[in-house]
Amino acid sequence: MRALAMGVVLAMTAGCASTGASGGAQTAPGNAMYGTDAAVRPSPPDFILRYAGHPRGFAELRLPAAAEHGAGPHPLAVIFHGGCWKTGIASQAYMAPLATRWQQLGIATLNVDYREVGDGGGWPGSFEDWAAAARLIDDVVAQHPVDRARVTLIGHSAGALPAQWLATAQGPDGPLGAREPVAARAAIVLDGPADLGAERGAFDALCQFSAVDPFMGGAPEAEPSRYAALAPMTRAPRLADVLFVQAKLPTPPTAALAALRAGGARVEVKENPGASHFAIITPGDPIHDANEQAMLAVLRGE
């Protein structure tokens with residue numbers, strides 16, 4: 001366990017606190033890992049950073065070992081889990097093996113938990129959490145050998161939304177009103193949607209229940225401005241690279257990909273027909289391993 005001096009700094013600069021690696025973390029019922037730990041045992045986080053006072057308001061920080069990867073600065077992956085935005089399905093726990101794998105390869109990782117529908121999340125609570133968690137980035141950069149110019153936002157499944165939304169400027173119709181985008185170089189979407197409204201049916205089918213409408217507070221015809229606020233055709237994320245690694249979900253809609261490219265991103269889509277939803281995030285699984293180099297290239301800014 002590393003020294004906790006950073007917690008004092010975070011508490012003063014961002015209203016956040018740091019705890020030892022053994023305290024504060026929450027997991028889904030049964031500590032659901034979905035087999036993502038089949039080959040890689042999660043390492044203990046170096047720090048658990050709190051960004052909010054509620055039980056799920058924390059993120060796990062893992063740092064590459066200096067003895068193996070030098071003094072840095074290292075790229076940073078900010079990771080958002082899935083779970084169809086419904087409380088009780090998932091937490092940050094099942095993303096920890098992937099975070100650990102990247103840590104072993106010289107990537108610092110910030111694995112974020114957040115509220116979902118049922119515990120204060122949805123529109124706008126989940127967005128409040130994502131924005132607050134993103135404010136940890138500058139604090140981490142200030143205290144650790146992390147490269148601010150190589151920050152990548154990662155989202156698995158439902159986590160695809162914060163991975164793209166955080167880097168998007170928002171107008172008054174956004175879930176938190178007008179806001180500037182978080183500075184990030186890239187995003188990696190792991191079997192998630194690019195346009196929530198257009199892919200609502202496919203995402204609900206993946207979840208096997210109605211996930212989008214409860215999260216958004218209504219169907220598109222009832223809340224058109226909400227869906228429009230999140231569509232890349234309305235405002236595209238400000239990113240240099242966007243990588244989609246799909247499995248159960250198809251290639252994102254042509255209009256969404258075109259909007260991302262028009263916003264300045266280099267966009268790549270890797271399809272994995274027949275792959276499971278979790279194979280792509282499970283280190284050691286052949287599907288994950290076949291896509292790992294493409295993910296590492298984005299994370300490293302290559």
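Modeller: Helices (H or I, at least four residues) and strands (E, at least two) are DSSP runs, numbered from the N terminus. Helix 3 is followed by Gly 106, whose phi is positive, near 95°. The model is predicted, so local features need pLDDT of at least 70 and side-chain atom pairs 80 or more, while totals for chains, interfaces and linings use all residues. Residues are numbered from 1 along each chain as its sequence is written, and side-chain values use heavy atoms, with hydrogens and water left out.

Helix 3 itself, residues 96-104, is largely enclosed by the rest of the structure, because 7 of its 9 residues are buried (under 20% relative accessible area, with exposed over 50% and partly exposed in between, for a 1.4 Å probe and protein chains only). Those buried residues are Ala 96, Pro 97, Leu 98, Ala 99, Thr 100, Trp 102 and Gln 103.

Strand 6 (residues 146-156) is likewise largely enclosed by the rest of the structure, since 8 of its 11 residues are buried. Strand 6 pairs (at least two DSSP bridges between two strands) with strand 4 (residues 74-80), which runs parallel to it and is joined to it by 6 bridges. Another parallel pairing, over 5 bridges, links strand 6 to strand 7 (residues 186-190). Leu 153 of strand 6 takes part in both: it is the bridge partner of Val 78, and its own partner in strand 7 is Ala 187.

Strand 2 (residues 47-50) is covered on both faces, with Phe 47 and Leu 49 buried on one side and Ile 48 and Arg 50 buried on the other. Its pairing with strand 3 (residues 58-62) is antiparallel and involves 4 bridges. Within strand 3, Glu 60 is the bridge partner of Ile 48.

The search of the whole structure finds 1 cavity of 30 Å³ or more (on a 1 Å grid over the protein atoms alone, points where a 1.4 Å probe fits but cannot get out, lined by residues with an atom within 4 Å of a point). The cavity is lined by 16 residues, and Leu 161, Gln 164, Trp 165, Ala 194 and Leu 230 lie nearest its centre. Helix 6 (160-165) and helix 9 (224-230) each supply at least two lining residues, and the largest share, 4 residues, comes from helix 6.

Terms used
1 Å grid on protein atoms, 1.4 Å probe; cavity = no way out; pocket = protein on both sides within 12 Å on 5 of 7 lines; lining within 4 Å. Points joined across faces, edges and corners; volume = space filled by probe spheres on them.
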